[in-house]
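Here are my notes on the model you sent. Please read them with the structure open.

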Amino acid sequence: MFWGSAFKPFIVPRFQRDQLMKTQLKTKRIWNFSAGPATMPPKVLAQLGDDLINVDSTGIGILEHSHRMPTFDRVLGDAIDSCRQLGEIPNDYEIIFVPGGATVQFSLIALNLIPDGATADYPDTEIWSAKAIIEARDAVPTATIAVPFEGKKFHYDHVPVAGEMIPTPGAAYMHYCSNNTVHGTRFHLPPTAAPGTPLVCDASSEIFGRPMDWKKHALVYAAGQKNFGVAGMCVIIAHKDVIRKPVRKLPSMFSYAAHLDAGSRINTPPTFAIHAAGLMFRWMIEQGGIREMEKRNNAKAALIYKEIDGSGGFYRGLSRLECRSAINVSFRLKNEDLDQKFAQEATDAELDGLIGHRDAGGIRASMYNAMPIEASKALAQFMRDFMRRNG
Ligand SMILES: *Cc1c(COP(=O)(O)O)cnc(C)c1O
């Protein structure tokens with residue numbers, strides 16, 4: 001009947017409508033600009049959901065598989081292979097997954113790489129590199145942790161430019177943070193260490209977001225929760241000679257060489273995090289790989305910088321122009337009240353996670369590899385509207 005069918009959608013009983021809304025709320029997603037843990041692609045999340053119940057048609061979920069059995073052999077093998085492929089990592093570099101976040105590596109790197117009495121260079125470009133300095137000093141009190149650049153003097157608004165940093169000759173390595181997550185600065189090119197001194201890089205906030213010059217690096221590390229999945233695990237990518245020759249005898253869980261020898265399985269590894277990483281690497285490869293990630297990240301950041309630069313000072317970036325991050329865009333409004341108002345209204349407009357780090361204040365938009373450009377477009381539009389209402 002004509003009337004009956006035309007009006008049918010409008011006479012859904014109330015309890016059914018409530019049910020429908022509940023289901024929609026449960027599956028609805030908003031734009032999440034959180035600095036980490038950070039947004040992940042819905043496709044990967046859906047696969048992880050399926051794999052919780054039953055992975056590889058084994059009838060057993062990923063959380064429940066033994067880490068010594070063939071299914072997990074497959075998961076771990078795929079994660080390492082796809083990591084190498086995605087990162088374009090040369091064969092003389094080893095890849096291991098280790099438990100604990102990036103903060104754990106601040107100590108382990110020093111323990112594995114600085115001999116007693118030696119010096120390592122640690123330019124200080126932000127709280128993460130500053131924390132790395134403190135932890136390295138505590139880990140190897142017999143070594144010297146030199147700080148050839150003190151960014152704090154400049155409110156961390158830039159990374160060292162040529163001539164601004166004098167590296168220590170003969171340093172065991174230079175540790176640096178390639179992308180500074182809080183203030184939103186980055187090294188466009190790796191820093192210049194003393195001749196013969198290799199680089200060690202904390203790439204936690206930008207790994208696989210742009211190609212890496214592996215040959216200059218002894219070791220690169222990153223935590224998972226920003227660009228490749230789950231918190232509590234790191235990937236370590238290190239030259240085989242560096243990782244195979246720890247400078248001192250260490251307990252096995254502290255030794256990168258021991259992790260390598262055991263194939264990232266000294267004990268029960270973070271199996272779920274490794275599986276998530278494997279799916280994330282595969283997803284990034286499918287999307288077009290690291291160069292595509294770089295292109296997208298540049299485009300996403302450019303949309304926000306355009307609003308900052310075109311705002312006549314309403315929005316003020318925290319980073320000097322020449323070292324702006326393509327991942328974390330940090331800026332400030334006229335005062336803290338307006339920062340708060342911006343973050344609150346953005347959340348109401350379904351743009352979440354924009355309040356800046358407590359050390360820097362202001363607003364921070366973190367747009368890691370999994371963040372689609374639509375989110376940046378929505379934020380740019382919101383910035384324009386907010387300025388119209390409050391400028
Ligand atoms: C997030 C972050 C860290 C800290 O990682 P945890 O896993 O929380 O220890 C370290 N360095 C950088 C550059 C980061 O962005």
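1. Among contacts (heavy atoms within 4.5 Å) between residues at least 6 apart in sequence, 69% join residues at least 24 apart.

2. A caution on sources. This is a predicted model: local features need pLDDT of at least 70, side-chain atom pairs count only at pLDDT 80 or more, and totals for chains, interfaces and linings use all residues. Residues are numbered from 1 along each chain as its sequence is written, and side-chain values use heavy atoms, with hydrogens and water left out.

3. The chain holds 13 helices and 14 strands. These are DSSP runs, numbered from the N terminus: helices are H or I with at least four residues, strands are E with at least two. The radius of gyration is 23 Å, close to the 21 Å that the globule rule gives for 391 residues, so the chain is as compact as a globular protein of that length. That radius is taken over C-alpha atoms, and the rule is 2.2 Å times the number of residues to the power 0.38.

4. Of the 391 residues, 51% are buried. Buried means under 20% relative accessible area, with a 1.4 Å probe and protein chains only.

5. Look at glutamate 206. This residue sits in the loop between β8 (199–202) and β9 (217–223). Is it buried or exposed? Glutamate 206 is buried, at 6% relative accessible area.

6. What does the side chain of glutamate 206 make a polar contact with? The partner is the side chain of serine 178, at 2.8 Å. A polar contact is a pair of N or O atoms within 3.5 Å; within protein, one must be able to donate a hydrogen and the other to accept it, and residues adjacent in sequence count only if both atoms are side-chain atoms. Leaving out residues up to four places away in sequence, glutamate 206 touches Ser178, Asn179, Arg186, Asn227 and Ile327.

Key. Buried < 20%, exposed > 50% of the residue type's maximum accessible area, 1.4 Å probe, protein only.
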